[in-house]
Amino acid sequence: MAKRQAANPSPAPRRLIGYARVSTDDQLHDAQMDELRAAGCERIFQEQASGASRARPVLTRLLGELAAGDVLVVVRLDRLARSVSHLLQVIEDLEERGVHFRSIRDPIDTSTPQGMFSLQVLGAVAQLERALIAERTKAGIKAAKARGKLPGNPGLRERRPEAIKAVSKAREKLYLDELISSAQTWLPTVRQLRPKHSWDNVVRVLNRRGHDWTVERLRRAVHRMVREKLAEPELLARSPRRAPEDYLMKLVAAIAIADPTLSLRDIAAQLDEMGERPARGGRKWQPSSVRDLLDEAHRFGLVRH
């Protein structure tokens, strides 16, 4: 793998990618499309979905395709997010990947100091909103107890089948909503690595990026996304069986695919932090050992030079 260049005299120009959303059948994207084109957007993704709905497959696909240096552009903030907290979550995920965000009609442009200041103000508003909701909830529970009412669902306390079924259905919907809203942070990596790489290696790569997956939870999540037609069925295919000694080769290949900008020395440092022992013995990984494993992975067709 080639090492990072010390300097980049001609950085690639930023791509402006637009997202337009309407809520109902009788609304049109035309006005949003015109504004996004006027703003210089090269590509525009269009979606029809309720503002309260988390099920936005077009947005999920768009967020997964954005690369470092890109700028996601919307006409108004409400076209992208359901709430202030959802907006901040999306923008924070984009910022971690080097992607900027701009709203044409709002003072939000994360590539400028003024836009970042506005974002910090929104963060403070979201924190206040959460605090007020928690305070009202506690006050409501206290008032209900004072009137002799028990908190919670009476149907569940009485074990009514219809109440249990309704709660189970609500939990399943909440689980799917959470998967969809977070998919842009983990599904692109799964698509890069599966099914050539084992679930164990995919989990290790994701968790190195700050996630907290187990193999069981990740497989369940991908199964659900496939069932909802939000992910490709081939992600669930069985990974090729290889000899146990190929474990390090597959792990190095997975790390390199997940982040092609890493140098041989960077990959060696990650392996040291993971506690992996070099195949040839010794305490620390050397770039030459990483290169040998990458060459082997190339021969197996796991990575490209």
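Predicted model: local features only at pLDDT ≥ 70, side-chain atom pairs only at ≥ 80, totals over all residues.
Five strands form an open sheet, in the order β2-β1-β3-β4-β5. The pairing is mixed. As a rule, strands of a sheet pair through backbone hydrogen bonds, and they do this in parallel or antiparallel fashion. Here, β2 (43–48) and β5 (108–109) take the edges. Each has a single partner strand, so one side of each lacks a neighbour in the sheet.

Helix α2, residues 57–65, packs on this sheet. The helix touches β1, β2 and β3. Its direction makes about 155° with that of β2.

Now look at the pairing of β1 with β3. Strand β1 covers residues 16–22, and strand β3 covers residues 71–74. The two run parallel and are joined by three bridges. For a point of reference, find Ile17: it stands opposite Leu72 in β3.

Follow the chain out of β1. The loop between β1 and α1 (30–38) holds Ser23. An unreviewed UniProt entry lists Ser23 under "active site". How accessible is Ser23? Its relative accessibility is 29%. Buried means under 20% and exposed means over 50%, so a residue in between is partly exposed. Ser23 therefore counts as partly exposed.

Turn next to the largest pocket. Its volume is about 810 Å³. The lining comprises 27 residues. Nearest the centre lie Glu96, Arg97, Thr189, Arg209 and Ala258. Which helices build this lining? At least two residues each come from α2, α3 (84–96), α6 (161–193), α7 (199–208), α9 (247–258) and α10 (264–274). Helix α6 gives the most, with five residues.

Two backbone details remain. Most peptide bonds are trans, and most residues other than glycine have a negative phi. The bond from Arg194 to Pro195 is cis, with omega near 0°. Pro195 sits in the loop between α6 and α7.

Phi of Lys229 is near 65°, a positive value in a residue that is not glycine. Lys229 lies in the loop between α8 (215–227) and α9. Is its side of the chain buried or exposed? Lys229 has 74% relative accessibility, so it counts as exposed.

Methods
Residues numbered from 1 in each chain as written. Heavy atoms only, no water. Pairing = 2+ DSSP bridges. Helix = DSSP H or I, 4+ residues; strand = E, 2+ residues; numbered from the N terminus. Contact = heavy atoms within 4.5 Å. Axes fitted to C-alpha atoms, helices over the stretch in contact; angles between N-to-C directions. UniProt positions renumbered as here; feature names shortened; annotations may be inferred. Buried < 20%, exposed > 50% of the residue type's maximum accessible area, 1.4 Å probe, protein only. 1 Å grid on protein atoms, 1.4 Å probe; cavity = no way out; pocket = protein on both sides within 12 Å on 5 of 7 lines; lining within 4 Å. Points joined across faces, edges and corners; volume = space filled by probe spheres on them.
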